Structures are given as structure tokens and as C-alpha cells.
Amino acid sequence: MKTYRIATIPGDGIGKEVIPAGQEVMQALAKACGTFAFEFENFGWGGDYYREHGVMMPADGLDALRNKDAILFGSAGDPHIPDHITLWGLRLKICQGFDQYANVRPTRILPGIDAPLKRCTPQDLDWIIVRENSEGEYSGVGGRVHQGHPIEAATDVSIMTRAGVERIMRYAFKLAQSRPRKLLTVVTKSNAQRHAMVMWDEIAVQISKEYPDVKWDKELVDAATARMVNRPATLDTIVATNLHADILSDLAAALAGSLGIAPTGNIDPERRYPSMFEPIHGSAFDIMGKGLANPVGTFWSVVMLLEHIGEPAAAQRLMQAVEAVTANPALHTGDLGGTARTVDVTSAVCKALV
Ligand code: ATP
Ligand code: MG
């Protein structure tokens with residue numbers, strides 16, 4: 001029987017609640033399938049670790065993760081630590097250290113979810129957003145001078161390399177090709193940003209020639225937000241830069257009903273390193289420790305993890321169990337307008353698996 005080595009990093013806030021829930025569901029799934037097992041190693045990195053050690057994770061942290069089949073991540077963020085420290089010190093360190101250059105974010109309206117677009121049926125909204133996850137606006141390059149003086153100035157330099165854009169574009173075209181509609185929208189801002197974004201457009205044309213069966217179009221990011229709301233059915237696979245896709249995917253999550261449902265994978269498509277799966281929500285300190293967190297975003301992330309490690313049948317089985325649970329409003333957590341608790345949703349999914 002195959003045993004998958006999974007690293008769990010709950011991180012901060014409700015990450016410490018949803019990741020154990022995810023583990024419980026994974027154990028139940030392994031038991032129900034009977035063909036594979038999980039071996040978990042838990043890493044207590046994040047805000048608490050920072051208070052004790054002055055860093056979010058140890059210097060040799062990546063080495064401890066390197067031999068894992070996948071990583072399940074909760075959330076990094078702490079109201080008492082600046083956001084750029086928690087982000088760069090843990091999540092981005094792993095994404096960049098393992099060159100997880102494709103951030104993949106599926107969005108669908110799950111059964112039973114009351115989503116805000118009333119003119120839209122669940123069939124109209126079935127997207128997968130591909131976010132460039134290694135460079136662009138979040139390269140971390142820039143500087144700040146003359147702090148506190150009238151002439152203070154600061155820059156955040158967006159770096160886009162031909163190799164970086166080509167590889168994410170190729171990933172997006174290939175993903176679009178694998179989906180029934182074979183439809184890709186390439187999002188840019190090449191009217192206003194006239195260097196890197198124009199290169200991005202040119203590379204889209206170039207890579208499209210490798211995928212003649214994929215229908216594709218271009219959209220400016222501002223127009224893309226309106227299109228997501230007004231004409232959701234015209235979109236399927238969407239590729240965008242690090243910053244643009246970050247914003248579009250929060251909009252997508254909200255349109256699908258709640259931030260608490262949405263999953264994501266930080267993927268190294270070349271499989272040189274472990275990929276990392278996580279709910280898109282943050283640490284949500286306002287509800288932390290109360291047992292109120294919606295674990296569905298984590299469960300759906302586990303579905304993506306299973307697809308990635310090569311267990312598509314188990315992934316489908318878990319997704320069906322999750323959808324059976326969301327279909328029942330009595331099992332909705334507060335973010336969905338219900339009164340269910342994390343444990344209620346978790347045990348209902350475990351039950352639906354057997
Ligand atoms: P961070 O600073 O780490 O991004 P945050 O406190 O901003 O964390 P978000 O994840 O951005 O939290 O979520 C915003 C709000 O949405 C939270 O304060 C919380 O009330 C709600 N929320 C987010 N995720 C969930 C969830 N899984 N279950 C229930 N409510 C959630
Ligand atoms: Mg937030």
C-alpha cells in the first residue's frame with residue numbers, strides 16, 4: 001500500500017482549526033478507500049514561532065519539507081506582527097524556495113450555497129484562475145529612501161522575465177486544453193503598463209500557437225472584474241499576473257459564496273519539489289479558537305492535493321462528500337449564514353465518505 005508523506009503547517013489563527021479538520025478527513029478517506037495511507041508530519045511555524053525565535057520558520061525549514069509528497073498549509077497572519085513579515089517569512093519562502101510558480105484557484109458555486117449573483121446559475125460560474133506565483137509585482141524588489149522626510153520615495157519593482165511568463169502561459173494553455181470548454185482568458189493591463197504587460201501579450205500569442213485547439217481571448221484586468229460579474233459564463237480558465245490574479249481570485253471566491261470555501265494549490269508543475277495546498281482565507285483572528293471556522297476551503301484544498309499526488313478517484317470521492325455536506329443548510333457555518341461548527345462539518349464529511 002502506498003504511503004504519502006504529508007507535511008502540515010497550520011500556521012496562525014483559524015489555520016490551527018481547519019488543518020486538523022483536514023487531517024481528520026484525510027484519515028477517514030484513506031480508511032474508506034483502503035488503497036493508500038498518509039504519514040503526517042506537523043510543523044508549528046508561524047506567529048507563535050516568531051515570538052519565540054524571531055523568525056517565522058527555521059533556516060533549514062525547507063529541508064524538512066523537501067522529501068514530502070505534498071504540503072497542507074493553513075494560514076499565516078497575526079495582528080501583532082506586520083503582514084509583510086508573516087507573508088514573506090513563511091508562505092512566500094516556501095512558494096519561492098520550491099519554485100511553486102503556478103498558483104491554481106478553482107471557483108464553483110457548490111450545491112446549497114447562496115451565492116450573490118442572482119442572475120447566474122451554478123453552471124454559469126465554473127472557473128479556474130491561474131496566478132503567476134514567482135515574480136511580477138511580488139518580486140520583493142524595491143526600496144525606500146528619506147523615510148519621514150518630505151522627499152520620501154519608495155518603489156516596488158515588478159519584474160517579469162520571458163522564461164517566467166512563458167512557463168505560466170504554457171501551464172495555463174495546457175490546463176485550459178484539459179477542460180471541456182478549452183477556453184482561456186489572458187488578463188493584462190497592457191494599455192497602461194506598456195513594457196512588461198506588452199511582453200505578456202506577445203508571449204500569449206506565441207504560446208497560443210502550441211495549443212491551436214484552445215480558444216482564447218485577452219481582457220484588461222479592470223474589464224475582467226466587470227465581466228466576472230456581468231458575463232460569468234463567458235469565462236473558464238483565466239491566467240493573470242501575481243497581483244492581478246490575487247485580486248481576481250478574492251472576487252471569484254466572494255462570487256462563489258464565501259472566502260471560507262475557496263481552495264488553492266501552489267504548484268511546481270515540473271514536480272522537482274513538493275507542492276503546497278491551502279484554503280485561500282487568512283487567519284481570521286476574529287473567530288479564532290471558537291470552533292466556528294468553515295473547513296470546506298481546506299477540504300477542497302485536500303481534493304486538489306489528491307489530484308496532484310495521483311489519486312483522482314479519492315479526490316472525486318472527497319469532493320462528492322463535501323458537496324453532499326454543503327447541500328445541507330443545517331451544515332453551513334457562520335460565513336454561509338448558518339450556525340454549524342467546524343466539528344459538525346468535519347464529522348459530516350467523514351460520515352459521507354463511508
Ligand atoms: P489575514 O490577515 O491572515 O488575511 P484576515 O483576518 O484578514 O486574515 P481573512 O481570511 O482575510 O481574514 O477573512 C476575512 C474575514 O472573513 C474573517 O475575519 C472571517 O470573519 C471571515 N472568514 C474567513 N475565512 C473564514 C472561514 N474559513 N470560516 C468562517 N469565516 C471566515
Ligand atoms: Mg485578509
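In strand E12 (residues 275–279), Ser275 is the bridge partner of Ala70. Helices and strands here are DSSP runs, of at least four residues (H or I) and at least two (E) respectively, numbered from the N terminus. Ala70 belongs to strand E3 (residues 70–75), and E3 runs parallel to E12, with 3 bridges joining them. Two strands count as paired if DSSP finds at least two bridges between them. Strand E3 also runs parallel to strand E1 (residues 2–11), this time with 5 bridges. There, Ala7 stands opposite Ile71 of E3.

Before going on, a word about the model: it is predicted, so local features need pLDDT of at least 70 and side-chain atom pairs count only at pLDDT 80 or more, while totals for chains, interfaces and linings use all residues. Residues are numbered from 1 along each chain as its sequence is written, and chains are lettered from A and ligands numbered from 1 in the order in which they are written.

How much of strand E3 is buried? It is mostly covered, with 6 of its 6 residues buried. A residue is called buried if 20 or more other C-beta atoms lie within 10 Å of its own, exposed if 12 or fewer, and partly exposed in between, with C-beta atoms placed from the backbone.

Strand E4 (residues 102–108) is another one to look for. It is largely enclosed by the rest of the structure, because 6 of its 7 residues are buried. On one pairing, 7 bridges join E4 to strand E5 (residues 126–132), and the two run antiparallel. Pro106 stands opposite Ile128 in E5. Strand E4 is also antiparallel to E11, through 3 bridges, and here Asn103 has Asn266 as its bridge partner. As background for reading any such strand, side chains in a regular strand alternate between the two faces of the sheet.

Now let us turn to the nonpolar core. This term means a set of buried Ala, Val, Leu, Ile, Met, Phe, Trp, Tyr and Cys residues joined through C-beta atoms within 7 Å. In soluble globular proteins, nonpolar side chains tend to be buried together. The largest core here has 93 residues, and Val239 and Val302 touch the most other members. Helix H9 (residues 296–309) gives this core its largest share, 9 residues. Two residues are in contact if their C-beta atoms, placed from the backbone, lie within 7 Å. Leaving out residues up to four places away in sequence, Val302 touches Gly22, Val25, Met26, Leu72, Phe277 and Leu318.

Phe173 sits in helix H5 (residues 162–178), and it counts as buried because it has 25 C-beta neighbours inside 10 Å. Apart from neighbours within four places in sequence, Phe173 is in contact with Leu184, Ile207, Ser208, Glu210, Tyr211 and Val214. Val221 lies in helix H7 (residues 221–230); with 20 C-beta neighbours inside 10 Å, Val221 is buried too. Its contacts, not counting residues up to four places away in sequence, are Val187, Thr188, Lys189, Ala240 and His244. For contrast, Gly140 in strand E6 (residues 136–145) is partly exposed, because it has 13 C-beta neighbours inside 10 Å.

Most residues other than glycine have a negative phi. Arg271, however, has a positive phi near 60°, and Ala284 has a positive phi near 45°. Are these residues buried or exposed? Arg271, in the loop between strand E11 (263–267) and E12, is exposed, because 9 other C-beta atoms lie within 10 Å. Ala284, in the loop between E12 and H9, is buried, because 21 other C-beta atoms lie within 10 Å.

Finally, look at ligand 1. A residue is near a molecule if its C-beta atom, placed from the backbone, lies within 6 Å of it. There are 18 residues around ligand 1, and Gly77, Gly260, His281, Gly282 and Asn294 come nearest. The shell has 6 nonpolar, 10 polar and 2 charged residues. In this count Ala, Val, Leu, Ile, Met, Phe, Trp, Tyr, Cys and Pro are nonpolar, Asp, Glu, Lys and Arg are charged, and the others, Gly among them, are polar.
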